[in-house]
Amino acid sequence: MTGGHRALTLLLLCALVVTTLMITHRASRGRHGSPEEFYAGGRQFSPAGNGFAIAGDYLSAASFLGVAGLIALYGYDGMLHSVGFLAAWPIVLLLVAELVRNCGRFTLADVVAARMSEPPVRIAVGISSVTVSVLYLVAQMAGAGSLVALLLGDTGPAVRACAIAGIGALMIVHVARGGMRATTWIQIVTAVLLLAGAGALTVLVLLRHGGDLGALAATAAERSGHGSGFLAPGLRYGHDWTARLDLLSLGLALVLGTAGLPHVLARFLTVPTARAARLSAVWAIGLIGGFCLMTVVLGLGAAALVGPDAVRAADPSGNTALPLLALDLGGGAGSAGGAVLFAVVAAVALAAVLAVVAGVTLASSAAVAHDLYASLTRRHRRGRPPRGEVAVARVAATLIGAVAIALGILAQDLNVAFLAGLAFAAAASAHLPVLLYTLFWRRFTARGALWSVCGGLAPAVVLVVLSPVVSGGPRALFPEWDFALFPLQNPALVSVPLGFLAGWLGTLLSPGAPDGTRHAETEVRALTGAGAA
């Protein structure tokens, strides 16, 4: 792009940054610093507003940039990511939304603590929540770095590192200053921009092919160089049994992981009633489903109009396929229309990154302050609420943001959809078992809860470290080393069953009988809302 066109894109980005800062300032003005206000926004959001916020929180850089890139590069196998992101939501609607709202207060650990009051259980769930959140933050940071570097016309590692640092700093300001209220409004605005931007691009792609989806798919297959194989399984995951198992593991992580993501569960705690939580999930399913369908069209459009070779040349992971498609639809490189459409899409994508990282950072800082700090200090204050919890949450947001920036710089060459899959695997392994056992198994005990969290999280993290993602290949984090003992790139196929097995064994080996009274109280609270916050 020319210097004038680049100036236009930077102007739109600056306008976006200023807008989000104004939202943060307005949302925080006149608000007191209570935990309920900072963590849950006062529980005053409507189902429709919360549904849009969930969509803005969930439709991340992995959904907007990574999935479209994977479809452009791998066709059918890339579409499986889009299907996996959507297929998880019926589980959230049927098993999680209302029950979490009734049993929880601010965090996932609150849901478990409604039945298991032992501090070690809350601390374990808090540590696990922070770990999952940091993994998810890394995916968003990597996508933001690729996007901003492409806008500046320099995709070198130094430029991407500076972009990641800038996004991280802005994220910290949003969370520390505005809390949940500012985060929610940023997510609502982002959801509207995402759906409008994706809808406009989808219409333009279809118009290029006369509204014929078959013609679009055929052109994409021809341009890919793989022919009909582009639209058939196996281009990315079907080479051997290891690749097929990796696909199964990824699907398991995406479908089961959403119900265990701390920032997703926290959104159901921002509405006043369980019915509102259920309606929020219904709104989110409709919005996310429509977006995922548009993502398939956009990925095929990038393959047909831009071409996989051009996508790989700009970014080997495919993260820049959608901005390049926007440039082509607007008239190509050097055209005013291409520059404008490119800049608009990039700004929307950056808004998605800001919305998601703010939500994830808030959830992780709440886990540090409410689950770890409060649990460790409450015993010294004889059960009284600890002082300065919100201040600790703000400090934690700063520290977690710094860690996410460092890891994002390290992982900037990996596909963001793939990185998000690792976070989903950790959430499905450590959080979903303990959540389902707590809500539905009468005999479940505190030891079972502790074993379930540790028995799911530890294998997930260890298997990722020992996987080809970290070492043993040219695209690994450490390509010069080779300690890849685990053949799969996603650990969910092994770690999720281990999480359920550990919880079951821990319960069976617990001394004494389970507390049936606590289960009955939790069941009544979960189903009726009696005693809910």
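1. **A loop residue.** Arg 43 sits in the loop that joins α2 (35-40) to α3 (47-58). Helices here are DSSP runs of H or I with at least four residues, strands are runs of E with at least two, and both are numbered from the N terminus. The phi angle of Arg 43 is near 55 degrees, a positive value in a residue other than glycine. Most residues other than glycine have a negative phi. Arg 43 is also buried, at a relative accessible area of 7%. Buried means under 20% relative accessible area, exposed means over 50%, and partly exposed lies in between (1.4 Å probe, protein chains only).

2. **What kind of model this is.** This is a predicted model: local features need pLDDT of at least 70, side-chain atom pairs count only at pLDDT 80 or more, and totals for chains, interfaces and linings use all residues. Residues are numbered from 1 along each chain as its sequence is written, and side-chain values use heavy atoms, with hydrogens and water left out.

3. **Confidence.** The score is pLDDT, the predictor's confidence in each residue, from 0 to 100. The protein averages 85. At least 70 is reached by 93% of the residues. Confidence is lowest in helix α1 (residues 3-28), with a mean of 79. It is highest in α21, at 94.

4. **Salt bridges.** Side chains of opposite charge can pair when their charged atoms come close. The rule used here asks for a side-chain nitrogen of Lys or Arg within 4 Å of a carboxyl oxygen of Asp or Glu. The whole structure holds six salt bridges. One of them joins the side chains of Glu 37 and Arg 181, at 2.7 Å from N to O. This pair links distant parts of the chain: Glu 37 is in helix α2, Arg 181 is in helix α9 (residues 157-208), and 144 residues separate them. Glu 37 is buried, with a relative accessible area of 10%. Arg 181 is buried too, at 7%.

5. Asp 110 is buried at 7% relative accessible area, and Arg 122 is buried at 16%. Asp 371 is buried as well.

6. **Helix α16 and Leu 8.** Ala 336 lies in helix α16 (residues 336-378). Ala 336 is exposed, at 52% relative accessibility. Ala 336 and Leu 8 are 328 residues apart in sequence, yet their C-alpha atoms are 9.8 Å apart in space.

7. **Helix α17.** This helix (residues 389-410) has 22 residues. From first C-alpha to last it reaches 32 Å, close to the 32 Å expected at 1.5 Å a residue. The expected span is 1.5 Å times one less than the number of residues. Buried residues in α17 include Val 390, Ala 393, Ala 397, Ile 400, Gly 401, Ala 404 and Gly 408. An α-helix has 3.6 residues a turn, so residues three or four places apart point the same way.

8. **A nonpolar surface patch.** Trp 451, Val 494, Leu 498, Leu 501, Trp 504, Leu 505, Leu 508 and Leu 509 form this patch, with about 660 Å² of accessible area together. Patch residues have over 30% relative accessible area and no salt bridge; like charges are joined within 9 Å, and nonpolar side chains (Val, Leu, Ile, Met, Phe, Trp, Tyr) within 5 Å. Areas come from the Shrake-Rupley method with a 1.4 Å probe, and for residues only the protein chains shown count as cover. Helix α21 (residues 492-508) gives the largest share, six residues. Leu 498 lies in that helix and is partly exposed, at 33%.

9. **Cysteines.** How many disulfides are there? The count is zero, where a disulfide is a pair of cysteine sulfur atoms within 2.5 Å. Cys 14 is partly exposed, at 46% relative accessibility. Cys 162 is exposed, at 58%.
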